[in-house]
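Let's take a friendly walk through a few local features of this structure. Please have the sequence and the 3D view at hand.

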Amino acid sequence: MPSRSLFQLRDRRQRRQQHHYRREKRKSRLVPCFFGGIIIGLVLTIAGHFILCFFFLSSSTLSPAGIMPHPPSSFLRFRRRQNHNRKHPSAPISYGRLPLTSNKTTFNLPAYPINHRYRQEIPVALSNHAISACNHALWRTLETTTLVLPNNETFVFTGDIYDLWLRDSAAQIHTLLLPRTFLLVNNNGNYHNNNHNNLDNAPNREDYGSLVQSDPRLERIVSGLILKTARYIRYDPYANAFRLNPTQFNTFERDVLGRFGFISTWNYELDSGCYFVRMLYYFHYSFPSHSILREKEVKEAVMIMIDVWIAEQRHEDDDFPEGILFDCYHCAYDLPYRYNPDELSRNGKGSPTNSSAGLVWSAFRPSDDPCEYGYLIPANMFVVVVLGYVMELCDTIWNDNDLKKRANKLREEIHYGIQQHGVVEHPKYGKIYAYEVDGLGNYLLMDDANVPNLLSIPYIGYDYDEEVYANTKKFILSVDNPTFHRGGFNHVKIEGLGSPHTMEGWGSPNAKKIANGIWPMGMIMEGLVSDDINKKIDIVEKLLQSSAGKNQMHEAFNADNPSEYSREWFCWADSLFAELVMSLSDGCPEIYGTYPYMMDKLFANEN
């Protein structure tokens, strides 16, 4: 456990053993009452049946729902508020309320990226090179980073790092879940090659679906990843990356970095759980009645993440989520999250924050870099969006009004906090969204290419202020943003977002440092949130020109020399590139060629 000696851990384990002994001793006293309890139970059961039958026969209008109401989902012993009131006897905190523009219980998918393939306009003139690169990028995740496991599980690693990131894995398969991207059947009822450059002869939009609907094996891959991710979240909800097999870590890794068993990195990143919920919701969009949606472990993973988010609203007060679902290795000590003091200030707690802000604390950004201020605004926006998804799932799948109310309350608190603390006045651009704040008046003005970021606000589906976002976008794509870079090579001018992750060389000691590095992911997001077809096409072609002849997306590249790049095998960026091209042309996706052989290979060792 971080920042704790082995003697402290030993003492805690001894106290737990003593508690277990006392509990077993109390159980033994109940044995003499066992048979008496059985007799009393039988008598009460028989009496209850007579009463119930009489009540039913005397009420002809009583529905089955009235006889057997849905049980409340109160089996979890959530004591967070009670514990907080014992520690803080003052009046409980009262979060503000700012209703969202949409309070409906059915939430639409984000409006971006705009799907130009269905618009009645001149067909998009993408090069064959771009179409070919899209298909390569689309299937690269399945071909190189996906493992179909027994027990209905799927493991998806990032590429050159053989671990599963909750965020990356869900983002890598997201293209399979995009609606209206693939022609499912033709007039003969067979799978169709949806390559229709002439929009007048194209099929109806109703004939299109998601790729995951086109092949049961793709459905199995995504449902398996949902199940695997849910089990990882139960294993430790604060971890952001996991390994396929448990690992023995050294003392520093275990006690300071929190790594244990399957945990590859214990960086608490707020957006990780959001990606899981988004994947679950998009899968529900394609398969409204799929059995994986009703798996107990899947719903519990969602409940766990919501409880973590509620606790981390009061990170400053050292709140920690409680309940029978929090039985992980780190959860056993009921102690607040702490990390390496070399990365998070105040002995691993992070910089001070305002617990009354309503926002949710995050230790790290989507780039895996530590937050300067604990409230990461784009991640909080993402939480607001996915809590809307949870509310709809509560209505359509889980029939859980209690969970829906908790999700809605948290959603409104975070949205209010964003409006109160996440919008700042810039002397040049006016009101803009800050990247990070602490709720105490401090804020960080920048953006990072890793998603969610401020640029991606329309893409993730947040209900944003259009004027504030327009001002923010102008700032992001300007030299006033410290992560924005411009360069040129071979008479090609190029610009885009970078990240401190490569600018400052965060990560491993061997991490590549590229001071003026542009991230393809940042350029892709600029295209995904654009309405301009020509601009999107220009971004696609420049991405290929800057790929150093690899025709695949890197993590970052030198704006003046693309042959200098980091991470050649980075499938998250590949999938985003495919999503951008798929919003422009029917030429991608294509499931012929090597697709059958790839799928056969994936499922060869499933059993």
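T353 sits in the loop that runs between α11 (345-348) and β8 (375-376); helices (H or I, at least four residues) and strands (E, at least two) are DSSP runs, numbered from the N terminus. This is a predicted model, in which local features need pLDDT of at least 70, side-chain atom pairs count only at pLDDT 80 or more, and totals for chains, interfaces and linings use all residues. Residues are numbered from 1 along each chain as its sequence is written, and side-chain values use heavy atoms, with hydrogens and water left out.

With a relative accessibility of 5%, T353 counts as buried (buried means under 20% relative accessible area, exposed over 50%, partly exposed in between, with a 1.4 Å probe and protein chains only). Leaving aside residues up to four places away in sequence, T353 touches E316, W361, G374, Y375, D438 and L440, where contact means heavy atoms within 4.5 Å.

Now to a sheet and a helix. Three strands form an open sheet in the order β15-β16-β17, with antiparallel pairing (two strands pair if DSSP finds at least two bridges between them). β15 (517-518) and β17 (561-566) are at the edges with a single partner strand each, so one side of each is left without a neighbour in the sheet. Two antiparallel bridges join β15 to β16 (residues 556-558), and I518 has F557 of β16 as its bridge partner.

Helix α17 (residues 520-528) is mostly covered, with nine of its nine residues buried; among them are M521, I524 and L528. The cover over these buried residues includes β15 and β16, along with α14 (457-460), β14 (492-497), α18 (533-545) and α19 (571-582).

Salt bridges come next: the whole structure holds 30 of them, each a side-chain nitrogen of Lys or Arg within 4 Å of a carboxyl oxygen of Asp or Glu. Here are some examples.

| Pair | Closest N to O |
|---|---|
| R567 and D160 | 2.7 Å |
| D255 and R254 | 3.6 Å |

R567, in the loop between β17 and α19, and D160, in the loop between β2 (153-156) and β3 (164-165), are 407 residues apart. D160 is partly exposed at 33% relative accessible area. R167 belongs to helix α6 (residues 166-172) and D271 to helix α9 (residues 270-286), so their pair ties together parts 104 residues apart in sequence. Both R167 and D271 are buried. D255 is buried at 7%, whereas R254 is partly exposed at 23%. Through shared partners, salt bridges also join R167, D168, E269, D271 and D368 into one network.
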